[in-house]
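Please open the model in your viewer and keep the selection tool at hand.

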Amino acid sequence: MSLAERHLEEELLDVLPADDPRALRSRRDLQRVNVLMGQRFILRRNLAALFGARAPRRVIEIGAGDGSLMLSLARSLAPRWSGVSAVLIDRRPVVSPATLNAFTALGWRVECVTADILTWFHQRRDADLVMANLVLHHFDECALRDLLAGIAGAARVFIATEPRRSAAALAGSRALVLIGCNEVSRHDAVASVRAGFTDRELSALWPADDVWRLSERGAGLFTHLFIARRLIHPSLEDTA
Ligand SMILES: C[S@@+](CC[C@H](N)C(=O)[O-])C[C@H]1O[C@@H](n2cnc3c(N)ncnc32)[C@H](O)[C@@H]1O
């Protein structure tokens with residue numbers, strides 16, 4: 001299986017009804033996959049370095065799924081990050097009342113929006129931080145260019161943690177059977193790696209504009225990390 005080029009195929013979680021038992025199980029699997037990939041650790045370390053003591057006030061997560069990754073980040077960044085307003089966008093309404101209550105307990109105001117992120121940014125949006133975890137790889141270059149332009153029009157900082165298109169990540173995705181992930185998760189994990197990113201593929205799709213500083217690299221064993229930040233906010237510190 002060549003990883004030289006991106007290869008897109010439909011992911012099962014995107015076509016199953018949100019309440020299908022296989023989809024529900026796969027979303028629980030995703031929480032474990034995020035732990036195995038070290039997504040929270042990678043995001044937390046880089047967000048702390050980017051924002052320092054000045055927490056973002058308004059955060060948008062695209063393709064937020066059940067909101068559990070954002071919640072675990074909110075918990076680990078508390079109490080420094082409090083009073084945050086967050087918008088969680090996904091085309092499936094799968095954030096549970098318990099998750100929303102947990103955000104409230106941390107002092108976060110969270111709005112869940114059920115929408116297609118490819119059109120959501122066509123209206124004017126504004127955020128200190130836009131985040132994406134395991135989402136950008138769903139889209140072809142044309143859709144990505146449009147989505148990233150919309151995000152660049154809205155955000156001071158954009159951070160994305162995506163599957164890295166590498167032999168190690170492919171081996172990791174095939175090994176998910178060992179931790180009991182279901183057939184949906186196993187299919188989507190392999191598909192995600194094949195549609196993932198390497199080199200400076202996301203930077204090449206970001207709007208060419210010198211107000212942005214871009215960073216793109218592997219992080220951990222399986223993750224491809226992309227960060228864009230506006231240079232007109234010099235208070236933002238360098239990432240670790
Ligand atoms: C692999 S899951 C990751 C979910 C979440 N970020 C996490 O880490 O658990 C990808 C998510 O993107 C959402 N998604 C895919 N395409 C989308 C679109 N065009 N608009 C909105 N959400 C989308 C899916 O519904 C799904 O929840």
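**First stop: a helix pair**

Select α8 and α9, which are roughly antiparallel to each other (an angle over 145 degrees). The axes of α8 (residues 167-174) and α9 (residues 183-194) cross at roughly 170° and come within 8 Å, where axes are lines fitted to C-alpha atoms over the stretch in contact and angles run from 0 to 180 degrees between N-to-C directions. Helices here are DSSP runs (H or I, at least four residues), numbered from the N terminus. Ala 169, Leu 170, Ser 173 and Arg 174 of α8 make the contact (heavy atoms within 4.5 Å) with Ala 189, Val 190, Val 193 and Arg 194 of α9.

This is a predicted model, in which local features need pLDDT of at least 70, side-chain atom pairs count only at pLDDT 80 or more, and totals for chains, interfaces and linings use all residues. Residues are numbered from 1 along each chain as its sequence is written, and side-chain values use heavy atoms, with hydrogens and water left out.

**Aromatic rings**

Next select Phe 158, Trp 206, Trp 212 and Phe 226, which form one aromatic cluster, its rings pairing if their centres lie within 6.5 Å, with the six-membered ring taken for Trp.

Technical notes: Phe/Tyr/Trp six-rings, centres within 6.5 Å; stacked < 30°, edge-to-face > 60°. Helix = DSSP H or I, 4+ residues; strand = E, 2+ residues; numbered from the N terminus. Parallel < 35°, antiparallel > 145°, perpendicular 65-115°, else oblique.
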